[in-house]
Amino acid sequence: MSIKVRYFASLKEKVGRSEDELPFVDITTVIDVWKQANCDAKLPDNILAAVNMEYVELDSTVTDGDEVAFFPPVTGG
Amino acid sequence: MKIKIVTESFDPWQEIQQFQQSAENMRGKFGATSIFIGTMRDFNEGDDVKGMTLEHYPGMTEKQLDKIISESMQKWSVIDVLVVHRVGDVFPDDPIVLVAVWSSHRGDAFDSSRYIMEVLKSKAPFWKKEILSTDIKRWVDKNTDGYL
């Protein structure tokens, strides 16, 4: 199994891709997912995270098969 | 409740009429309908804006809107709710969002529609990228607090 990582809006442009697929190895939390997918780069300020389409904190636990998303503050409506 | 994410321009008044006509559960029961329509302006932060692209997170958008509407239906006595939101390329005067709430009395309709709209602005995963009259493109940083 693996972790699907998704990026949206300005963050997608910044990282230069819309998604990654990571093997579920050495991953415990959401921030581990970011670091592993982005060569230990610092997560930009104000970025929000979701696991399986629910908002989570960066230290929330991730399990095998989860979809983890990172995106800037929302601006709909 | 009904949630629609639409990729083409929509007529909010037609959406309201169609929903109300087909909603058997509301017949004879509602005394109040509160409607909010958000429309695209041709200006923002001192600049002329000629268009924008609305991106969203399919699946999470519907999930979050469902949650927001359900919360409002627990807080207030609401009969039914319709939310329509545009994605894709939008131009000035195009409707972006419709929130319509039907209830027996006006207080519940007013309060729940305001709640849905304000929480949608901070939780529903949509993002706007503006195209200025100078052809510069920029992401909208954040939504303002509607209560300020």
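Here follow questions and answers on the two chains.

Modeller: This is a predicted model, where local features need pLDDT of at least 70, side-chain atom pairs count only at pLDDT 80 or more, and totals for chains, interfaces and linings use all residues. Residues are numbered from 1 along each chain as its sequence is written, while chains are lettered from A and ligands numbered from 1 in the order in which they are written.

Biologist: Which strands stand at the edges of the sheet in chain A?

Modeller: Strands are DSSP runs of E with at least two residues, and helices are runs of H or I with at least four, numbered from the N terminus. Two strands pair if DSSP finds at least two bridges between them. The open sheet has five strands in mixed pairing, in the order β2-β1-β5-β3-β4. Each edge strand has a single partner, so one side of it is left without a neighbour in the sheet: these are β2 (19-23) and β4 (54-56) of chain A.

Biologist: Which residue in β4(A) stands opposite A:Ala50?

Modeller: Strand β3 (residues 48-51) of chain A and β4(A) run antiparallel, joined by three bridges. Opposite A:Ala50 stands A:Tyr55.

Biologist: How do α2(B) and α3(B) run relative to each other?

Modeller: Axes are lines fitted to C-alpha atoms, for helices over the stretch in contact, and angles run from 0 to 180 degrees between N-to-C directions. The axes of α2 (residues 60-75) and α3 (residues 106-123) of chain B come within 10 Å and cross at roughly 150°. Angles under 35 degrees count as roughly parallel, over 145 as roughly antiparallel, 65 to 115 as roughly perpendicular and the rest as oblique. The two helices are therefore roughly antiparallel.

Biologist: How many residues of chain B are in contact with chain A?

Modeller: Residues are in contact if their C-beta atoms, placed from the backbone, lie within 7 Å. On the side of chain A, α1 (9-15) and β5 (67-71) each supply at least two residues. Chain A has 13 residues in contact; for chain B the number is 23.

Biologist: Is B:Trp127 buried or exposed?

Modeller: B:Trp127 sits in strand β8 (residues 126-132) of chain B. Among the residues that B:Trp127 touches are A:Phe8, A:Pro72 and B:Trp139. A residue is buried if 20 or more other C-beta atoms lie within 10 Å of its own, exposed if 12 or fewer, and partly exposed in between. B:Trp127 has 24 other C-beta atoms within 10 Å, so B:Trp127 is buried.

Notes:
Two residues are in contact if their C-beta atoms, placed from the backbone, lie within 7 Å. Lists of a residue's contacts leave out its neighbours within four places in sequence.
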